[in-house]
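User: Hi! I'm new to this one and would like a friendly tour. Could you bring it up on screen?

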Amino acid sequence: MAVPVGRIEKEFLLKSLYDEKLSIIYVKDRSEYTLTLDKEATSEIHLRHDKPLGKIKPHTKISFLFNYRGQAIDFTVEVLSQKDGILICKTPENLYKNLDRNYLRVDTPSDLKILFTFRGDRYNLAFPKVSEYERIRQEDLGQNVDPQNLSNLIKQITLSLKNFADGYKIVNFKDKKPDSTEERIVSETGKTLFIPSTAAFLPKSDPYPKKRLITEDIFKRYLESTGVGAAFLDDSCSRFLKNKFDDGFYSDAWVPILFNEYVIGYIRIWINKKGRLPFDFRVLDNIYQFSKILAFSLKENGYFEHGKMENEAFEGSVLDISASGLLFAYPLGSSIITTLLVDADLTVTIEAPYRTISVVTRIVRRFKDKSMYYYGCRFINMAPEDLRFLFEHLYGRQIDSDDSAFLAGQV
């Protein structure tokens, strides 16, 4: 996934662009242009191009790509003016590395029509909602799981919970709305409140690749949102843990049950007998797996059917596209943006003259400004002949041997 470089690395890369006269690539109307920095970057960058660019209107945003020692870096700038073969732009706010693509995003050609359709089922449910999408597939649940037999599954899970904990409970937010501090923070974040020892501290960091823990910083941000002053956050955290300890809870965990973008409830386990080993990540992984099994089983048993929505094609405003993905925008306030979440899959139909491409795309990045949400998407397993056609249609050239890594999907 593309990530923004830090401030110091950004300054270093911009200086390297000038000092080493690195080539910056821009594609417009299927023509490729090479630009270089004409002077050191300040609040503006001055780009000299190798051939006439034609008129570009002020405030137009365009994307560039450059390679620094084998690392593809891209950035977007706002054009200020053009003068004497120089394109003057605002210095980019961010440079992005670890790209999911090796090819430059270009303005969407006018002869392309692009439509989006949600894949799988969509729901409108009366549960707390979070900004991430939980993908649950039966193959992730284990071979001995029968999702159709919900009552038997719950018996199996509750028997297993007794091996980990002195006590447990499974709560459904359909029957009980979040009201305690623990319930509210779990339902608002969709993350696990994990307290290995109430005599110690909340976790300082989250070791999971896809972050799933409420760390001490997240807990403090939550407290601030409820009106706790910054000067009292440490004391509030300490009192929260001390109250648990005084109530006889020595280890505690609250694991959300997630279905798509909804927190439908949680599994809580605790230790209240002295001398027992506290919970560790192995225990947490098991409870997390139980929560996935429960959510999937509820779906298979029709628990969410009343909230199922129709999947209709929609048009986003596609800002740019590459041979491996695209960026589109949708207005704030639209009901559809609540289901356009990171990790959600869409079917994209690209209608071009003489050819229509249908491909799965995954939302890998989401951000917003005052009026729009923006969605960076990556194409998934595009057919080789479609990839070749789209490449040639966007870049105005055939794929050559230098593009073999791209064709192999290594982007």
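**Helix 4 and its surroundings**

Analyst: Happy to! Let's begin where helix 4 ends: the residue Gly227 follows this helix, and its phi is positive, near 105°. Keep in mind that this is a predicted model.

User: Which residues of helix 4 are buried?

Analyst: Helix 4 covers residues 216-225, and its buried residues are Glu216, Ile218, Phe219, Lys220, Tyr222 and Leu223.

User: And what do those buried residues pack against?

Analyst: They pack against helix 3 (181-189), strand 14 (193-195) and helix 5 (233-246).

User: Okay, new topic: pockets. What's the volume of the largest pocket?

Analyst: The largest pocket holds about 790 Å³ of space. Its lining is made up of 29 residues, and Lys61, Thr76, Val77, Leu327 and Phe367 are the ones nearest its centre.

User: Which element gives the most to that lining?

Analyst: That's strand 6, with four residues. Other elements give two or more residues to the lining of the largest pocket too, including strand 5 (61-68), strand 18 (325-331) and strand 20 (355-368).

User: How many of the lining residues are nonpolar, polar or charged?

Analyst: For the largest pocket, the lining has 14 nonpolar residues, ten charged and five polar.

User: What about the second largest pocket, what's its volume?

Analyst: The second largest pocket has about 460 Å³. It is lined by 21 residues, with Arg119, Gly120, Tyr133, Arg135 and Asn260 closest to its centre.

User: Which elements supply at least two residues there?

Analyst: Strand 11 (122-123), strand 12 (129-134), strand 15 (251-271) and helix 6 (281-300) each do that for the second largest pocket. By class, this lining counts ten charged, eight nonpolar and three polar residues.

User: How many bridges join strand 19 to strand 20?

Analyst: Eight bridges join them, and the two strands run antiparallel. One detail to look for: Ala352 has Arg355 of strand 20 as its bridge partner.

Methods
Residues are numbered from 1 along each chain as its sequence is written. This is a predicted model: local features need pLDDT of at least 70, side-chain atom pairs count only at pLDDT 80 or more; totals for chains, interfaces and linings use all residues. Side-chain values use heavy atoms; hydrogens and water are left out. On a 1 Å grid over the protein atoms alone, a cavity is a set of points where a 1.4 Å probe fits but cannot get out, and a pocket is an open set with protein on both sides within 12 Å along at least five of seven lines; lining residues have an atom within 4 Å of a point. Grid points are joined across faces, edges and corners, and a volume is the space filled by probe spheres set on the points. Ala, Val, Leu, Ile, Met, Phe, Trp, Tyr, Cys and Pro count as nonpolar, Asp, Glu, Lys and Arg as charged, and the others, Gly among them, as polar. Two strands pair if DSSP finds at least two bridges between them. Buried means under 20% relative accessible area, exposed over 50%, partly exposed in between (1.4 Å probe, protein chains only). Contact means heavy atoms within 4.5 Å.
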